[in-house]
Amino acid sequence: MAAGAATMGAAITGGGKAAFGEARDDRLTKGDIAILRFLAAAEILESDLWIQYAELGGVGTNPPLEVDPNQSLHNYQIALSTLDSDGPQYIASNTLDEVSHAAFLNAYLQSKGAEQVNLDAFRTLPGSTATGASGIKRLTNLMRLNVDTSWYLRYRSTTNPDLGATFPQAITLDNVTAIPRNNNDFNGASNPNFPGNDHIQAIANVAAFRFGMIEQGGSSLYAALSQKVTSLEALKITLGIGGDEIAHYLEWVDFSGNAVQKPVAPFTDPISGLTFPDFFNDPPLKPANLVQPSLIFPVPCEFINANLPHCAVIRPSDDRFAGAQAAVASLTADGLFTGQSPQFFQTLKQLAEEADDAYREF
Ligand SMILES: [Fe+2]
Ligand SMILES: [Fe+2]
């Protein structure tokens, strides 16, 4: 190892080529560590937000889904079940996965002698006071979101943001809550079409679009950062976890499509005024296939070069649009960090800049 490497401290850890013909080189570069540290932070934040959904909308939480559906306290879970009868299980599973991602990344960093990420000092935000919420302080805020729904069109389009494409919103969701904020949010007008009510169904529908938004962002983030890691083992980690983000994303694409078709839509929340059209029968944008709910897989699009044949892929995957700083900008615009301290934003900014500064070394 070059003498200069000693000055990099934890930047170069682990051994060189393993014995007995095993070709894997598990040395982490400074850039690899920066990427894994940013991803650990992202997964801690993802865990924090998913736990908030799971407390109120997942299975195995208080209140349980099996309880009398006529009890208004359980109707967020019922509204989510209206979108997919397995919805509460999917929410619980997605949450479990995020917690595993965060715990693994930090344990892996420690096993390589690198510094772990700890955001506990920033767990300061009040969460929902609805029955079922734990009352613990949060890192993220799900109750005043500006949900970017352009992903819904992006994945149904033949153009690609990496090649300059931009997309309008599928549905405007500004200053909305994705979870019941308090027990008043459990109460609203009845809709004979489904066993929930319009107000709580609107909150569940917001959550549905936001599940897709957060998981497509994770899919793009891992795709972008995978191109910048050097260690093969770090690549195995980013591809492995990134693949799970894609698995999540696919379910939420289908789930959100159910929020904008019969029997759920069309309807209007009489309290917030939020309207969800039926995208099949009354598409908000033309051509109608750009919003067609059943187009759940990535539509083939421009990739690498517009002169090449279209290809069904994750997009964006360029770090200008999907890297660490882009992810932080997107989540900040989303309102996820509303109420957080300047120190929080500074910490996240530094982690993101260091991750984006990484490059593939050979
Ligand atoms: Fe994750
Ligand atoms: Fe995720």
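Biologist: Among contacts in the chain between residues at least 6 apart in sequence, what percentage join residues at least 24 apart?

Modeller: First, a caution: this is a predicted model. The share is 70%.

Biologist: How do I read burial? What part of the chain is buried?

Modeller: Count neighbours: a residue is buried if 20 or more other C-beta atoms lie within 10 Å of its own. Here buried residues are 48% of the 362 in the chain.

Biologist: And the largest nonpolar core: how many residues has it, and which have the most contacts inside it?

Modeller: That core holds 94 residues, with Ile35 and Phe38 having the most contacts inside it. Helix 1 (residues 30-57) gives the largest share, 17 residues.

Biologist: Which residues is Phe38 in contact with, leaving aside neighbours within four places in sequence?

Modeller: Phe38 touches Ala324, Leu351, Ala352 and Ala355.

Biologist: Now helix packing. At what angle do helix 2 and helix 3 pack?

Modeller: Angles of 65 to 115 degrees count as roughly perpendicular. Helix 2 (residues 75-83) meets helix 3 (residues 87-111) at about 100°, with the axes 7 Å apart. Helix 2 is therefore roughly perpendicular to helix 3.

Biologist: Which residues make that contact?

Modeller: Helix 2 supplies Gln77, Leu80, Ser81 and Leu83, while helix 3 supplies Gly87, Pro88 and Ile91. By type, the contact of helix 2 with helix 3 has four nonpolar residues, three polar and no charged.

Technical notes: Residues numbered from 1 in each chain as written. Chains lettered and ligands numbered in written order. Predicted model: local features only at pLDDT ≥ 70, side-chain atom pairs only at ≥ 80, totals over all residues. Axes fitted to C-alpha atoms, helices over the stretch in contact; angles between N-to-C directions. Helix = DSSP H or I, 4+ residues; strand = E, 2+ residues; numbered from the N terminus. Parallel < 35°, antiparallel > 145°, perpendicular 65-115°, else oblique. Contact = placed C-beta atoms within 7 Å. Nonpolar A, V, L, I, M, F, W, Y, C, P; charged D, E, K, R; others polar. Core = buried A, V, L, I, M, F, W, Y, C linked by C-beta atoms within 7 Å. Buried ≥ 20, exposed ≤ 12 C-beta atoms within 10 Å, placed from the backbone.
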